[in-house]
Amino acid sequence: HISIIEDIKTSLQLFKNGELDWIGEPLAEAPANLFKESGIPIYSRPTTSVSWLSCNLTRTPFQSKKVRRALSLALDRQSLISKCLYGDERASHSILPLQISQLDPNHPLPYNPNLARQLFEEGLSDLGLQKGTLPQFQMLVSERTPYTTLADEIARMWKEALGMDFRICSVKRKDFLPTRAKEHHDITLMEWACWYNDPHYSLSV
């Protein structure tokens, strides 16, 4: 039978006690930090799920290619995987799953905070802006774990490297796409699973 247990910590303890045979996906969320702390072996297989950051190009300064590249260069993707996820995920190159992307998985996107700061300042200068006058920005994210944890760590990295201040706006999963469509946020932390091996499924999001 299937037990409905809302608290993940309770279900985790029942699993450790041998009272549950299965916890986690696809029946429920499985927070990575709790599993890593529990010492329970984790078995996984590759999926076509990808998470990426979407910039709202109608908002300043995200229309600048230099600013957008700076945001990418300021992210240590391997650190994000180690801290916020299970640790065996692979850094993505694009919004396409690795299984159907033509990009070489052995050449991941670079992490270079020094170049990120240089490009960020150049991008702001091109727009006639100064770092000290920037407002607080908003990042939209689904309230599910691990996305809120990822958003917090991404915001910390951008604050440290670029001096940008982000407010995390989390919404229920059912409200996520309708909220994103309103374009009221500067950055969106997207999550998407490609259910069949055709790039169009992801590129049409």
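A residue is called buried when its relative accessible area is under 20%, exposed when this is over 50%, and partly exposed in between (1.4 Å probe, protein chains only). The structure described here is a predicted model, in which local features need pLDDT of at least 70 and side-chain atom pairs count only at pLDDT 80 or more, while totals for chains, interfaces and linings use all residues. Residues are numbered from 1 along each chain as its sequence is written, and side-chain values use heavy atoms, with hydrogens and water left out.

The protein chain has 205 residues, of which 38% are buried. Its C-alpha trace spans about 60 × 35 × 35 Å along the principal axes. Secondary structure was taken from DSSP runs, with helices (H or I) of at least four residues and strands (E) of at least two, numbered from the N terminus. On this basis the chain contains 8 helices and 4 strands, and their order along the sequence is α-α-β-α-α-α-β-α-β-α-β-α. Contact is defined as heavy atoms within 4.5 Å. Among contacts with a separation of 6 or more, 69% are between residues 24 or more positions apart.

Strand β1 covers residues 49–55, and its side chains alternate between two faces. Two strands are taken to pair if DSSP finds at least two bridges between them. Strand β1 is joined by 7 bridges to strand β4 (residues 187–193), and the two run antiparallel. Within this pairing, L53 stands opposite L189 of β4.

The loop between β1 and α3 contains P61. The peptide bond from T60 to P61 is cis, with omega near 10°. For comparison, most residues other than glycine have a negative phi, and most peptide bonds are trans.

Aromatic rings were examined next. Rings of Phe, Tyr and Trp (its six-membered ring) pair if their centres lie within 6.5 Å; planes under 30 degrees apart count as stacked, over 60 as edge-to-face and the rest as tilted. The count by this rule is 5 aromatic pairs. One of them is the tilted pair of F137 and F166, with 5.6 Å from centre to centre and 40° between the planes. This pair links distant parts of the chain, since F137 lies in strand β2 (residues 137–142) and F166 in strand β3 (residues 166–171), 29 residues apart. F137 is buried, with a relative accessible area of 1%, and F166 is buried as well, with a value of 9%. The pair of W192 and Y201 is also tilted, because the ring centres are 5.8 Å apart and the planes stand at 40°. W192 is partly exposed, at 23% relative accessibility. One aromatic cluster is formed by F62, F137, W158 and F166.

Two packed helices are described by the angle between their axes and the distance between the axes. Here the axes are lines fitted to C-alpha atoms, for helices over the stretch in contact, and angles run from 0 to 180 degrees between N-to-C directions. Helix α5 (residues 113–126) packs on helix α6 (residues 147–162) at an angle of about 70°, with the axes 9 Å apart. Angles under 35 degrees count as roughly parallel, over 145 as roughly antiparallel, 65 to 115 as roughly perpendicular and the rest as oblique. Helices α5 and α6 are therefore roughly perpendicular to each other. In this contact, P113, A116, R117 and F120 of α5 meet E160, A161 and L162 of α6. By class, the contact has 5 nonpolar, no polar and 2 charged residues; Ala, Val, Leu, Ile, Met, Phe, Trp, Tyr, Cys and Pro count as nonpolar, Asp, Glu, Lys and Arg as charged, and the others, Gly among them, as polar.

Two buried helix residues complete the description. L73 lies in helix α3 (residues 65–73) and is buried at 3% relative accessibility. Apart from neighbours within four places in sequence, L73 is in contact with P110, Y111, N112, P113, L115, A116 and L119. S202, in helix α8 (residues 199–203), is buried at 1% relative accessibility. Residues up to four places away in sequence not being counted, S202 touches I95, L96, P97, W192 and C194.
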